[in-house]
Structures are given as C-alpha cells and as structure tokens.
Amino acid sequence: MTDHHEPVGPVDASVHPRYAGIATFARLPRIEDVPRADIAVVGIPFDSGVSFRPGARFGPSHVRESSRLLRPYNPAQDVSPFAAAQVVDAGDIPANPFDIDAAVTEIEAAATALGDRVERIVTVGGDHTVALPLLRAVTKKHGPVAVLHFDAHLDTWDTYFGAPVTHGTPFRRASEEGLIDLTASCHVGTRGPLYSKQDLDDDERLGFSIVSSVDIEVDGIEAAIERVRRRIGDRPLYISIDIDVLDPAHAPGTGTPEAGGMTSRELLRMLRALGDRNVVGADVVEVSPAYDHAQVTGIAASHVVYELVSLMAAQLDAAR
C-alpha cells in the first residue's frame, strides 16, 4: 500500500480506563474508523462443526475482553506492532449456524473480500472448521501454503457422522483441494489417543510431519523449533492454532481438552522464533468461554493473537 499515514493505535490506557469502552481487540480502532489498514483481527463466531463441547461461537468476544491489558510494545520481539503497521479490529464474519456448507461459503467470501482490503488477517474463532474456508481464501493470493498447525489433534480425519466438513476434518479437505504445501506442513503439540494407527499413516500421506507434545517433553522446545523451521523453510506460511494445544491447566476453556499439553510459555516461544518466516495468515480457534475461569484461556489466546500480529507487523514494516 502506498498511503503512508501514521497508524492509529490503541486507546490510551492512561486517559481511558482499560475496563471502559468498546472491547475491540487490544482496544484497537475498528476497520471503519481508519482510512486504510494493513492487518485485521477478525472474529468468526461459529461452532456448528464441533464434535464434543459447544461454545466456541462466543470465543471472539471473550478473547477481545481478555485482550484489554495488552500494551503497544512487544519486548520479546522488539517491535511496536501497532506503530509498525495499521492494525484494526474488523468485527465478526457472520456465518449460518444451521448449515455448515453455507457457513463455509460465507466465511470464504468474507475472508477473500477482507483480504483484498488488508495485507494480513488474524482470525479468532470459532471452531476449527473455519480453517478450511480461510485457507481457501489465503491461497487465492499466495498459492499453496505451508501450514503450521498447533493442536492436540490431527484434524485430518475424514468424516464425522458422514459430514465431510467439521472441526476434525479441515486439513484433510485442504490437502485434498491442493491448498497445502505437502512438503512443508507440520503439526505441533499433538497428543492423546487416536482411533487407530492408520490415522498417522493417513496424516503423513496428506502432507504433514509431527512434532508431538512428547517430542517437546523429551527433546526440548529449542529442538522442536529447529525441526519446525527446517520443515517450513521459506514457503508462504499459514499458522493455525487450536487453543487446546495448550495443556488444560493453561487453557481449560476449550471443547476437546487433552492432558499433557504445551505451556503457554512454550507456545509463545515457538511463535516468536518465526520472525524471519513469511507469515501470510493465521487463526486462533476453539476458545469456549463457558469452560473458562478467570479468563485463563482468553488471556492465553489474546497473547497468542498479539504475537501473531507482532510477527506480521514486523515483517510488513521490514518489507517497506
């Protein structure tokens, strides 16, 4: 974009109390309140694709409320993301709660239109079904992408109750549709029981390698980071984060919790190690506030979104 206006940042917390006013993400301006935008945080309040606990439709508003304490300078990445780029809250994408196929079509169209207005999008879900239409939208601009998928689960299963598009199937469908770079995609943090060993064989065929929670426990976070960086290389990178990649101690408010997960510190460390990668889009999904307490999950998710925005803002600023 050629317009070099000074970015509008968050509301000043020394003038306006953090607990007052409209709960946009990090108290940023709304997209309609600025002349142009580089990065948009957008919600998708949709959870009709869940197979266990519902409630992720309320995730976007919960994460926004939990983000009120975020501040403009990120010392871990040495960037002021809201000064390096114009970051906005683009509100929510409405999606049909009674028809998954209709919802997926609506999400893809809205994400494509938003992607024509801004350089990068970070989405707050919603359940993991939304990753499929988001990948369809992002690949229209960038072609097949490396997918870095943080999750307790593979999400490459085939169907649930005969339904091919659910929160457990988005990356199988994306692989089948040619949206994923089969040589550069990776799951991180997977753990827990599977339906059979065939799940792992299918997953490898669909283009994913795995850095499991056990791998992180045994080899350490730095070894995991090195494996991920080698795998994704310099491809355009889409990061998809199911908050259940975190142990339930760090993220109880989610739909399909599994014991033995990552800490929030480990997840943030891995994201910060991707500063030299070409991050073209991201989502953070499966925050279900009915199962949260003291905003534990919402705060973790808001900091994850903040790190993703920081990565993108630094990259866009460096490219100017």
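How many positive and negative side chains does the protein have, and how far apart do the centres of the two sets lie? I counted 29 positive and 46 negative ones, with the two centres 3 Å apart. A reminder to myself before going on: this is a predicted model.

**Overall build**

I went through the secondary structure and got ten helices and eight strands. Next I looked up the extent of the C-alpha trace, which spans about 55 × 40 × 40 Å along the principal axes. The accessible surface comes to about 13,000 Å², and carbon and sulfur atoms hold 54% of that. For contacts between residues at least 6 apart in sequence, I noted that 78% join residues at least 24 apart.

**Cores**

Which residues have the most contacts inside the largest nonpolar core? I found Phe-150, Val-188, Ile-239, Ile-241 and Met-262, in a core of 56 residues. Helix α10, residues 296-319, gives this core its largest share, eleven residues. There is also a second, separate core, with 35 residues, and Phe-46, Ile-93, Ala-174 and Val-280 are among them.

I then picked Phe-150 and listed its contacts, skipping neighbours within four places in sequence. The list has Val-188, Ile-239, Ile-241 and Met-262 on it, and also Val-245, Leu-267, Met-270 and Leu-271. Ser-240 and Asp-242 are in contact with Phe-150 too.

**Leu-182**

Where is Leu-182? I located Leu-182 in the loop between α5 (170-176) and β5 (185-188). Is Leu-182 buried or partly exposed? Leu-182 has 42% relative accessibility, so I put it down as partly exposed. Leaving out residues up to four places away in sequence, Leu-182 touches Ser-175, Leu-206, Gly-207 and Arg-231. I also took the C-alpha to C-alpha distance from Leu-182 to Ala-146: 7.6 Å, for two residues 36 apart in sequence.

**Arg-229**

Arg-229 sits in helix α8, residues 221-232. What does Arg-229 touch, not counting residues up to four places away in sequence? I got Ala-273, Leu-274, Asp-276 and Arg-277.

Most residues other than glycine have a negative phi, and most peptide bonds are trans, so I went looking for exceptions. Which residues does a cis peptide bond join? I found Gly-125 and Gly-126, with omega about 15 degrees. Gly-126 is in the loop between β3 (120-125) and α4 (131-142).

Then the positive phi values. Ala-26, in the segment before β1 (39-44), has phi near 55 degrees. Asp-78, in the loop between α1 (59-66) and α2 (81-84), has phi near 50 degrees. Are these two buried or exposed? Ala-26 counts as buried because its relative accessibility is 2%, whereas Asp-78, at 58%, counts as exposed.

How values were computed:
Residues numbered from 1 in each chain as written. Predicted model: local features only at pLDDT ≥ 70, side-chain atom pairs only at ≥ 80, totals over all residues. Heavy atoms only, no water. Helix = DSSP H or I, 4+ residues; strand = E, 2+ residues; numbered from the N terminus. Contact = heavy atoms within 4.5 Å. Areas by Shrake-Rupley, 256 points an atom, 1.4 Å probe, with all protein chains shown as cover. Lys, Arg positive; Asp, Glu negative; His and termini not counted. Charge placed at Lys NZ, Arg CZ, Asp CG, Glu CD. Core = buried A, V, L, I, M, F, W, Y, C linked by side-chain atoms within 4.5 Å. Buried < 20%, exposed > 50% of the residue type's maximum accessible area, 1.4 Å probe, protein only.
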